[in-house]
Amino acid sequence: MRKKQVLLSALFLVIGLPSLAFGNPYQGGISEDVLEIYNLLTIEEKIGQLFMVTFQGKDLTPTSDIYQLISGSHVGGILIKRENANWRSGEGEAAAVLALSNGLQQIESDSATAEGAATGAAYVPLFLALPGG
């Protein structure tokens, strides 16, 4: 019986104490910070956030398809794959993936900054994914 009381007390401390100490960060299931950014998005940006795309090669220039998808269509995520020649396997593979990831995020950041100056649009980082296995 005593053991059960100790376990229940410990469970309360782990689960209940943080919310008592810091309050509930969510109002209606969505944090105020997320709502603030969401309300800044245009309808096109909201729709774009629903899409995750992939692309061939590693060209990130303004004439590339992926650049246009990020800056024009506001895609929410990108699946980068070795099979799509997004990077080569071997020595320096991690650095190549990092450079590609940073380049993609920079396109999104630059696009949001340019649009934000004119429309007040918000920067929402890309969701980047790599296949497992």
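Which residue lies over the face of Tyr38? In this predicted model, in which local features need pLDDT of at least 70, side-chain atom pairs count only at pLDDT 80 or more, and totals for chains, interfaces and linings use all residues, the residue is Lys46, at 4.3 Å from the ring centre. A charge is taken to sit over a ring if NZ of Lys or CZ of Arg is within 6 Å of the ring centre and within 35 degrees of the ring normal. Residues are numbered from 1 along each chain as its sequence is written, and side-chain values use heavy atoms, with hydrogens and water left out.

The protein contains five helices and five strands, which are DSSP runs numbered from the N terminus (helices: H or I, at least four residues; strands: E, at least two). Along the sequence these elements follow the pattern α-β-β-α-α-β-α-β-α-β. Of the 133 residues, 27% are buried; this term denotes under 20% relative accessible area, whereas exposed denotes over 50% and partly exposed the range in between (1.4 Å probe, protein chains only). Contacts, defined as heavy atoms within 4.5 Å, were also examined by sequence separation. Among those with a separation of 6 or more, 66% join residues 24 or more positions apart. The protein exposes about 9,200 Å², of which carbon and sulfur atoms supply 62%; accessible areas come from the Shrake-Rupley method with a 1.4 Å probe, and for residues only the protein chains shown count as cover.

Tyr38 also belongs to a nonpolar surface patch, together with Ile30, Val34 and Leu35, and these residues have about 340 Å² of accessible area together. Patches are made of residues with over 30% relative accessible area and no salt bridge, like charges being joined within 9 Å and nonpolar side chains (Val, Leu, Ile, Met, Phe, Trp, Tyr) within 5 Å. Helix α2 (residues 32-40) gives the most to the nonpolar patch, with three residues. Ile30 is found in strand β2 (residues 30-31) and is partly exposed because its relative accessible area is 38%.

A search of the whole structure finds one salt bridge, that is, a side-chain nitrogen of Lys or Arg within 4 Å of a carboxyl oxygen of Asp or Glu. The side chains of Arg82 and Glu93 form this contact, at 3.0 Å from N to O. The pair links distant parts of the chain, eleven residues apart: Arg82 is in the loop between β4 (77-79) and α5, and Glu93 is in helix α5. Arg82 counts as partly exposed because its relative accessibility is 39%, and Glu93 is likewise partly exposed, with a relative accessible area of 22%.

Helix α5 (residues 93-119) also holds Gln105. At 19% relative accessibility, Gln105 counts as buried. Leaving aside residues up to four places away in sequence, Gln105 touches Tyr123, Pro125, Leu126 and Leu128.

Positive phi values were found in residues other than glycine. His74 has a phi of about 60 degrees and lies in the loop between α4 (65-71) and β4. His74 is buried because its relative accessible area is 9%. Phi of Ala85 is near 60 degrees as well. Ala85 lies in the loop between β4 and α5 and counts as partly exposed, at 44% relative accessibility.
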